[in-house]
Amino acid sequence: MRKMIVAAVFFCALQASAAQKEWTVLVYANGKNNMSYWILKSINDMESVGSTDDVNVVAEVGYVEPYGYSGPKVKRYFIQKDDDADNITSPLIHDFGRRDMGYWKNLEDFILWGKRAYPAKKYFLIISGHGFGWKGVALDDESGSSVSIPDLARVLARTGGVDGLVSDACRMQMA
């Protein structure tokens with residue numbers, strides 16, 4: 001009986017944690033290039049607000065550690081409010097180690113995961129990194145790839161789209 005009660009409490013906790021919010025903001029931030037510092041700073045700045053009762057903020061962040069000690073990394077975070085202006089303290093959801101952030105299927109995976117793990121009435125996607133206008137966005141220096149505009153359209157179609165899209169990257173007004 002005790003195991004059933006524990007299982008029921010665990011199930012109810014999972015249901016409550018997956019309660020649908022008004023918005024989920026999906027931040028795909030590729031700093032696996034010379035933008036690592038700025039990408040990490042932007043994620044840390046997001047923590048000054050964090051997720052709220054109405055908004056989930058989740059991020060997949062690619063970066064190169066200072067001086068390249070451990071090579072490039074890709075991690076997923078649930079962004080929570082904090083007062084630490086120097087460090088990312090949000091809960092780490094997953095550490096991929098190395099992952100090609102310029103590969104469109106990884107962007108698709110992130111969006112599908114975000115929609116499944118953080119259900120909301122509306123979704124907002126932010127893609128940060130280097131941009132090349134009609135050629136693509138989210139350059140990954142390690143692989144040399146980026147998400148092309150046709151691939152971005154494919155990703156949005158295959159994931160059911162989003163309610164808002166921002167490309168926080170150079171030259172993306174051409175797209």
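This briefing describes aromatic pairs, nonpolar cores, a hairpin and salt bridges in the structure above. The model is predicted. It holds seven aromatic pairs, and the count of salt bridges comes to twelve. The largest nonpolar core has 24 residues.

**Aromatic pairs and cluster**

- The ring centres of Trp-23 and Phe-124 are 6.3 Å apart and the ring planes stand at 70°, so this pair is edge-to-face.
- Because Trp-23 belongs to strand β1 (residues 21–31) and Phe-124 to strand β5 (residues 120–128), the pair ties together parts that are 101 residues apart in sequence.
- Trp-23 is partly exposed, at a relative accessible area of 27%, and Phe-124 is also partly exposed, at 25%.
- Tyr-28 and Phe-110 form a tilted pair, because their ring centres are 5.8 Å apart and their planes lie at 40°.
- This second pair links distant parts of the chain, with Tyr-28 in strand β1 and Phe-110 in helix α3 (residues 104–117), 82 residues apart.
- Tyr-28 counts as buried, with 0% relative accessibility, and Phe-110 is buried with a relative accessible area of 0%.
- Tyr-28 and Phe-110 also belong to one aromatic cluster, together with Phe-78, Trp-113 and Tyr-118.

**Arginines over aromatic rings**

- Arg-99 lies over the face of Phe-96, at 4.0 Å from the ring centre.
- Arg-154 is placed over the face of Trp-104, at 4.8 Å from the ring centre.

**Nonpolar cores**

- Within the core of 24 residues, Leu-107 and Ile-127 have the most contacts.
- Two or more residues of this core come from each of β1, β3 (72–78), α3, β5, β6 and α4 (149–158).
- Helix α3 gives the most to this core, with five residues.
- Another core, of 13 residues, lies apart from it; among its members are Val-27, Ala-59, Val-61 and Tyr-63.
- Leaving aside residues up to four places away in sequence, Ile-127 touches Tyr-28, Leu-107, Val-137, Ala-138, Leu-152, Leu-165, Val-166, Ser-167, Asp-168 and Ala-169.

- Strands β6 (residues 137–140) and β7 (residues 145–147) run antiparallel and are joined by two bridges.
- Asp-140 has Ser-145 in β7 as its bridge partner.
- Four residues separate β6 and β7 in this hairpin, and Gly-144 in the turn has a positive phi of about 80°.

**Salt bridges**

- Lys-122 forms a salt bridge with Glu-22, the closest N and O atoms being 3.9 Å apart.
- Lys-122 is partly exposed, at a relative accessible area of 33%, and Glu-22 counts as partly exposed at 29% relative accessibility.
- Arg-99 and Glu-60 meet through their side chains in a salt bridge of 3.2 Å, N to O.
- Since Arg-99 lies in the loop between β4 (92–97) and α3, and Glu-60 in strand β2 (residues 55–64), the pair ties together parts that are 39 residues apart in sequence.
- Both Arg-99 and Glu-60 are buried.
- The side chains of Glu-142 and Arg-98 form a salt bridge at 2.4 Å, N to O.
- Glu-142 sits in the loop between β6 and β7 and Arg-98 in the loop between β4 and α3, so the pair ties together parts that are 44 residues apart in sequence.
- Glu-142 counts as partly exposed at 38% relative accessibility, whereas Arg-98 is exposed, with a relative accessible area of 55%.
- Arg-98 and Glu-142 are linked with Lys-32 and Asp-140 in a network of salt bridges.

Definitions and conventions: Residues numbered from 1 in each chain as written. Heavy atoms only, no water. Phe/Tyr/Trp six-rings, centres within 6.5 Å; stacked < 30°, edge-to-face > 60°. Buried < 20%, exposed > 50% of the residue type's maximum accessible area, 1.4 Å probe, protein only. Lys NZ or Arg CZ within 6 Å of the ring centre and 35° of its normal. Pairing = 2+ DSSP bridges. Core = buried A, V, L, I, M, F, W, Y, C linked by side-chain atoms within 4.5 Å. Contact = heavy atoms within 4.5 Å. Salt bridge = Lys/Arg side-chain N within 4 Å of Asp/Glu carboxyl O.
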